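I opened the model to go through its strands, charged pairs and backbone angles. The entries below follow the order in which I looked things up.

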Amino acid sequence: MANHRLKGSRLGTISYETDRNIPPQPRQIARYRTADGAEFDVPFADGAEAPGRWQCRNGMEGSLLNGVAEEPKKGKHVRTPWDMLRERRTIEELDELLTERLAIIGARRRGGDGARTRTRPADRD
């Protein structure tokens with residue numbers, strides 16, 4: 001097999017086309033304002049829909065000024081363990097359970113039912 005190599009350039013790294021005599025693509029400018037009052041512009045292709053919110057270079061999020069700003073997405077409510085417990089039990093039932101558990105713990109601390117456990121292992125000789 002013959003060794004075919006292209007010498008003098010690396011493929012795909014350099015474009016030999018020029019931008020001469022090529023008009024720029026039409027674009028629209030969307031203006032945004034952050035919560036601290038800073039305004040900034042973002043160019044988009046003509047006909048593209050500008051999003052209602054855009055991240056600024058200073059790290060803050062800006063709202064669209066010239067155009068229709070989209071409504072912020074409503075986040076899904078995160079169910080906590082307390083919420084899930086409240087779905088299964090009422091406050092009265094939880095009060096009863098708490099009273100029962102406190103009575104059991106108090107009896108163990110007083111040594112009432114012999115369920116006392118050692119807190120550290122026995123010393124071996």
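Predicted model: local features only at pLDDT ≥ 70, side-chain atom pairs only at ≥ 80, totals over all residues.

Entry 1, terms. I count two strands as paired if DSSP finds at least two bridges between them. Helices (H or I, at least four residues) and strands (E, at least two) are DSSP runs, which I number from the N terminus.

Residues are numbered from 1 along each chain as its sequence is written, and side-chain values use heavy atoms, with hydrogens and water left out.

I looked up the strand order and found an open sheet of four strands, β2-β1-β4-β3, with antiparallel pairing. At the edges are β2 (39–45) and β3 (53–55), each of which pairs on one side only. From one strand to the next the twist averages 40 degrees; for such angles, axes are lines fitted to C-alpha atoms, for helices over the stretch in contact, and the values run from 0 to 180 degrees between N-to-C directions.

How many bridges join β3 to β4? I find three, with β4 covering residues 61–64 and the two strands running antiparallel. In this pair R53 stands opposite S63 of β4. Between β1 and β2, also antiparallel, I find seven bridges. There A30 is the residue opposite V42 in β2. β1 and β2 make a hairpin with five residues between them, and G37 in the turn has a positive phi of about 95 degrees.

Entry 5, the faces of β2. I sorted the residues of β2 by face: F40, V42 and F44 lie on the covered one, and E39, D41, P43 and A45 on the uncovered one.

I searched the whole structure for salt bridges (a side-chain nitrogen of Lys or Arg within 4 Å of a carboxyl oxygen of Asp or Glu) and got five. D41 and R31 meet in one of them, at 2.3 Å from N to O. This pair links distant parts of the chain, since D41 is in β2 and R31 is in β1 (residues 27–33), 10 residues apart. E39 and R33 form another, with the closest N and O atoms 2.3 Å apart. R31, R33, E39 and D41 are linked in a network of salt bridges. I also noted R79 with E87, where the closest N and O atoms are 3.1 Å apart.

I use buried for under 20% relative accessible area, exposed for over 50% and partly exposed in between (1.4 Å probe, protein chains only). D41 is partly exposed because its relative accessibility is 44%. R31, at 30%, is partly exposed. E39 is partly exposed at 35%, and R33 is partly exposed at 38%. R79 is partly exposed at 46%, whereas E87 is exposed at 56%.

Does the span of α2 agree or disagree with 1.5 Å a residue? The expected span is 1.5 Å times one less than the number of residues. The 20 residues of α2 (91–110) should span 28 Å, and the end C-alpha atoms are 28 Å apart, so the two agree. After α2 comes G111, with a positive phi near 80 degrees.

N21 is not a glycine, yet its phi is positive, about 65 degrees. N21 sits in the segment before β1. Is N21 buried or exposed? N21 counts as exposed because its relative accessibility is 78%.
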